[in-house]
Amino acid sequence: MKYRAEIDGLRAVAVIPVLFYHAGFSWFSGGYVGVDVFFVISGYLITSILIGELESGKFNIWRFYERRARRILPALCFVMLACIPFGWAWMLPDQFKDFGQSIIAVVFFASNILFWHESGYFEASAEEKPLLHTWSLAVEEQYYLLFPLFLFFAFRYGKQRMFWAICVVGFISFCFSEWAARNWPVANFYLLPSRIWELLTGSLVAFIISNRGVRANGFYALCGLLAILYAIFTFDNSTSFPSTFALLPVGGSVAIILYARMDTWIGKILSLRPM
């Protein structure tokens with residue numbers, strides 16, 4: 001897979017708003033949508049890699065899992081170990097017990113399920129959970145566990161059928177998310193069934209690019225960036241999310257990945273070294 005600097009820049013657009021949101025900057029009231037941007041990026045990158053390996057006959061599921069472990073586990077272990085002494089020093093016994101449970105859940109990439117049971121993402125108590133942010137990693141890892149196996153078994157039926165199968169699953173997940181936003185809001189935020197459509201959207205982009213490449217279009221790329229920024233600065237804790245509102249950051253990410261090539265000015269901005 002060819003490296004794209006503008007995708008690294010899009011990662012910055014995803015991560016920075018989340019940090020500012022949790023830091024309490026009121027301008028970034030919808031900064032949490034950065035997670036949705038990151039889901040699209042992850043779906044795109046992983047699927048691009050898997051398509052390339054399947055087409056070249058080099059796909060190995062165990063090697064894929066090994067790469068994910070090497071990429072994630074060192075930083076994840078460092079974060080957990082760095083949190084433990086502060087938790088020991090500052091937390092009350094009940095809080096430290098909850099923190100210990102979250103460490104166990106993180107190890108098994110199930111922290112999203114734990115936090116779903118404990119509290120809502122926008123509740124004040126959630127801000128006191130040092131490993132709250134690992135919920136999105138858990139969603140990604142659950143996706144990484146299942147999706148490569150699906151591609152491996154579905155590849156024999158051809159890319160076009162795989163593409164439409166992903167469309168169907170993604171559409172079902174999106175409809176479920178819209179329903180759950182009204183009837184099951186906390187689970188809707190944390191769990192894979194209502195989030196997988198965002199990752200699968202990135203996967204669909206990977207199929208499109210593998211067939212026709214990235215086509216430069218500065219206008220579409222600009223619209224994509226504006227859609228993400230609009231969500232960041234106008235959404236807040238009262239926004240029903242994820243739901244149809246998530247189409248803004250997700251659709252914006254798709255437009256950037258598809259059209260923000262290096263020869264567009266959006267692509268050049270995202271490719272800047274500071275980004």
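User: What makes the nonpolar surface patch, and which residues belong to it?

Analyst: Val15, Ile16, Leu19, Phe20 and Phe25 make it, and the patch covers about 440 Å². Patch members need over 30% relative accessible area and no salt bridge; nonpolar side chains (Val, Leu, Ile, Met, Phe, Trp, Tyr) are joined within 5 Å, like charges within 9 Å. Accessible areas come from the Shrake-Rupley method with a 1.4 Å probe, and for residues only the protein chains shown count as cover. Please keep in mind that this is a predicted model, where local features need pLDDT of at least 70 and side-chain atom pairs count only at pLDDT 80 or more, while totals for chains, interfaces and linings use all residues. Residues are numbered from 1 along each chain as its sequence is written, and side-chain values use heavy atoms, leaving out hydrogens and water.

User: Why is Leu19 called exposed?

Analyst: Exposed means over 50% relative accessible area, buried under 20%, and partly exposed in between. Leu19 has 55%, so it is exposed. Leu19 sits in helix H1, residues 5-23; helices here are DSSP runs (H or I, at least four residues; strands are E, at least two), numbered from the N terminus.

User: Why is H2 described as largely enclosed?

Analyst: Of its 23 residues, 18 are buried, so the rest of the structure largely encloses H2.

User: What makes the largest nonpolar core a core, and which residues touch the most other members?

Analyst: A nonpolar core is a set of buried Ala, Val, Leu, Ile, Met, Phe, Trp, Tyr and Cys residues joined through side-chain atoms within 4.5 Å. The largest one has 68 residues, of which Leu10, Tyr44, Trp135, Tyr143 and Ile257 touch the most other members. H2 gives the largest share of this core, eleven residues. A second, separate core has ten residues, including Ile72, Cys83, Met91 and Val106.

User: Why does Phe174 count as buried, and what does Phe174 touch?

Analyst: Its relative accessible area is 17%, so Phe174 is buried. Phe174 lies in helix H7 (residues 159-183). Not counting residues up to four places away in sequence, Phe174 touches Trp197, Ser243, Thr244 and Leu247, where contact means heavy atoms within 4.5 Å.

User: How do you know that Asp36 and Arg195 form a salt bridge?

Analyst: The rule asks for a side-chain nitrogen of Lys or Arg within 4 Å of a carboxyl oxygen of Asp or Glu. Here the N to O distance is 2.7 Å, and the two side chains meet in a salt bridge. Asp36 lies in helix H2 and Arg195 in the loop between helix H8 (185-190) and helix H9 (196-212), so the pair ties together parts 159 residues apart in sequence. Both Asp36 and Arg195 are buried. The whole structure holds ten salt bridges.

Definitions and conventions
Buried < 20%, exposed > 50% of the residue type's maximum accessible area, 1.4 Å probe, protein only.
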